[in-house]
Amino acid sequence: ASEPKGRSLGAPKDGPVVMEADGLKVWFPIKRGLLRRTVGHVKAVDGVSLSLRQGRTLGVVGESGSGKTTLGLAMMRLLSSEGGIRFEGRNIQDMKSKELRPLRRDMQIVFQDPYGSLSPRMSVSQIVGEGLQIQQPELSAEERRARVAQALCDVGLDASMQDRYPHEFSGGQRQRIAIARAMALNPRFVMLDEPTSALDMSVQAQIVDLLRELQRKNNLAYLFISHDLKVVRALADDIIVMKDGKVMEAGSADEVFDHPKTDYTKALMAAAFDLEAAPAGVVSE
């Protein structure tokens, strides 16, 4: 396939909520002067509320600098933020690191760069098994190796590859290894941060198909962050459109793609799908 196919909607719209944000804010202080006084803030995420349901994908789109990745990192508690964050109904915003650690196995990330996200000094077995070693230390070396082998098979790689190193693989294979690392812990929520943007179009389609299959098999909730609207359309059930840290538009993927309401969203669609160009200046609202 030359580009990702249309998504297959299967999970119910009213399924259990896995992850929620309520009025989430990430403001970075602007400090100036000899005393480094705070004179303002960069409002990277400014009052965002959302919910992700079991088996469904929420796509987060917007221009570079719109706050997409910052939002995802804040929801994972990897960045300090204000506002409510709940995982399966539990308030995780106020949890200490020690309390949060057991939940890390249920919340995983697949990063953008399959070259940068894998240590060149570690074998595939070590990379995929690292989380298992931390989260499930009771597993024997043989049990861990068997789990790694299964994770590799689940992402379409041969189990015999686990003694090889990242430099021996193509970009698409490396991203499959990164996905296997996330899936080895049987998570319930996965943040996908531009997971296909470093890959060529034919490989993008394969990775989207793989992610869709893993979601269907494991009933996963995905937060899919991307500037590539064609890929988002192939995978997302619901969409939020961000600009300057705020949600400009939200709704089902069909609603947002087929009937965008704001000029900003219309301009994004025009640029992504080679539609008739929107009038100059509409992006700034």
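The largest pocket has a volume of about 410 Å³, where a pocket is an open set of points on a 1 Å grid over the protein atoms alone, with protein on both sides within 12 Å along at least five of seven lines, and a volume is the space filled by probe spheres set on the points. This is a predicted model, in which local features need pLDDT of at least 70 and side-chain atom pairs count only at pLDDT 80 or more, while totals for chains, interfaces and linings use all residues. Residues are numbered from 1 along each chain as its sequence is written, and side-chain values use heavy atoms, with hydrogens and water left out.

**Largest pocket**

- The lining of the largest pocket comprises 14 residues, of which Met107, Gln108, Ile109, Arg181 and Leu185 are the closest to its centre; a lining residue has an atom within 4 Å of a point.
- Two or more lining residues come from each of strand S6 (107–110) and H3; helices (H or I, at least four residues) and strands (E, at least two) are DSSP runs, numbered from the N terminus.
- H3 gives the most to this lining, with four residues.

**Glutamine 135 and helix H3**

- Glutamine 135 belongs to helix H3, which covers residues 124–135.
- The glutamine 135 side chain comes to 3.1 Å from the backbone oxygen of arginine 101.
- Beyond its neighbours within four places in sequence, glutamine 135 has contacts (heavy atoms within 4.5 Å) with Arg101, Pro102, Arg104, Arg105 and Leu185.

**Aromatic rings and charges**

- The count of aromatic pairs comes to one, with rings of Phe, Tyr and Trp (its six-membered ring) paired if their centres lie within 6.5 Å, and planes under 30 degrees apart counted as stacked, over 60 as edge-to-face and the rest as tilted.
- The pair is edge-to-face because the ring centres of phenylalanine 257 and phenylalanine 273 are 5.9 Å apart and their planes stand at 80°.
- Phenylalanine 257 lies in helix H8 (residues 253–258) and phenylalanine 273 in the segment after helix H9 (263–272), so the pair ties together parts that are 16 residues apart in sequence.
- Phenylalanine 257 is buried at 8% relative accessibility, whereas phenylalanine 273 is partly exposed at 24%; buried means under 20% relative accessible area, exposed over 50% and partly exposed in between (1.4 Å probe, protein chains only).
- The charged end of arginine 164 sits over the ring of phenylalanine 169, 4.6 Å from the ring centre; this term requires NZ of Lys or CZ of Arg within 6 Å of the ring centre and within 35 degrees of the ring normal.
- Lysine 243 is placed over the face of tyrosine 264, at 5.8 Å from the ring centre.

**Helix H1 and positive phi angles**

- Six of the eight residues of H1 are buried, so that this helix is mostly covered; the buried residues are Lys68, Thr70, Leu71, Gly72, Ala74 and Met75.
- Just after H1, arginine 77 adopts a positive phi of about 60°, although this residue is not a glycine.
- Arginine 77 is located in the loop between helix H1 (68–75) and strand S4 (82–87), and its relative accessible area of 21% makes it partly exposed.
- Asparagine 186, also not a glycine, has a positive phi of about 55° and lies in the loop between helix H5 (171–183) and strand S7 (189–193).

**Alanine 141**

- Alanine 141 is found in helix H4, residues 141–154, and counts as partly exposed at 48% relative accessibility.

Methods. A polar contact is a pair of N or O atoms within 3.5 Å; within protein, one must be able to donate a hydrogen and the other to accept it, and residues adjacent in sequence count only if both atoms are side-chain atoms. On a 1 Å grid over the protein atoms alone, a cavity is a set of points where a 1.4 Å probe fits but cannot get out, and a pocket is an open set with protein on both sides within 12 Å along at least five of seven lines; lining residues have an atom within 4 Å of a point.
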